[in-house]
Amino acid sequence: MEANTQGELAGRALREFLEAAIHQLIHVRALYPDAMFERTRIYGIPVKRSRHPDVNAYIETSVHSLQELIDRGSIQKLAVIIVDEEDKAVERHVFSFSLKNKEITTTRDVDDVEQAFKAFLLKINALGPMECTVEDGWTFEVVLYSCERDYPGIKQWVEEDVQEGRIEIKRPVVTPIKTMHHGTMFLQAFSEHKPEPSE
């Protein structure tokens with residue numbers, strides 16, 4: 001990400017981060033075998049990226065479709081939901097964000113934002129694998145929470161009822177990941193998982 005005379009679009013920078021974060025999450029949580037991932041770098045740190053073309057296409061399509069919605073301020077949050085073989089949510093990893101400025105105009109701002117994104121990815125990496133055993137049939141999906149229903153840019157997303165157990169978790173255990181307040185954007189990430197019987 002480099003600043004230029006027109007300014008770096010903050011929405012583009014955010015989408016680049018979200019794509020890297022989703023890949024890193026599904027690797028760290030050991031949703032798929034390690035051999036399915038390749039090592040790459042972003043923001044100067046090593047991260048993992050899926051090798052599977054269908055997984056990559058799903059993530060890329062999901063994130064890139066957010067362009068106009070992010071720029072309009074129509075998105076409240078994005079969640080990566082890990083679901084079990086019964087299509088019930090096991091974990092939710094939530095990114096809440098808002099743009100304060102559509103452009104990143106200085107090299108210092110670019111550096112600040114990249115350092116923040118780097119810190120988020122390192123925090124995600126520290127989550128480690130899920131405590132429960134991943135079973136066959138488990139997968140993930142990207143869910144968008146928007147304040148607009150009728151905007152044409154959102155039509156490619158399938159509207160879904162917020163059902164407890166399906167994409168929401170009843171009385172979840174919440175693990176904060178990181179929060180960023182910057183002149184360009186606000187970004188907060190946290191994870192939720194089902195409480196253990198003793199919790």
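Visitor: What does His23 touch, residues up to four places away in sequence not counted?

Guide: His23 touches Phe37, Lys48, Arg49, Ser50, Asn56 and Ile59, where contact means heavy atoms within 4.5 Å. The model is predicted, so local features need pLDDT of at least 70 and side-chain atom pairs pLDDT 80 or more, whereas totals for chains, interfaces and linings use all residues. Residues are numbered from 1 along each chain as its sequence is written, and side-chain values use heavy atoms, without hydrogens and water.

Visitor: Why is His23 called buried?

Guide: Buried means under 20% relative accessible area, exposed over 50%, and partly exposed in between, with a 1.4 Å probe and protein chains only. His23 has 1%, and is therefore buried.

Visitor: What makes the pair of His23 and Arg49 a polar contact?

Guide: A polar contact needs N or O atoms within 3.5 Å; within protein, one must be able to donate a hydrogen and the other to accept it, and residues adjacent in sequence count only if both atoms are side-chain atoms. The side chains of His23 and Arg49 make such a contact at 3.3 Å.

Visitor: In which helix is His23 found?

Guide: His23 belongs to helix H1, residues 10-28. Helices (H or I, at least four residues) and strands (E, at least two) are DSSP runs, numbered from the N terminus.

Visitor: How do you know that strands E8 and E9 pair?

Guide: Pairing requires that DSSP finds at least two bridges between two strands. Eight bridges join E8 (residues 173-181) to E9 (residues 185-193), and these strands run antiparallel.
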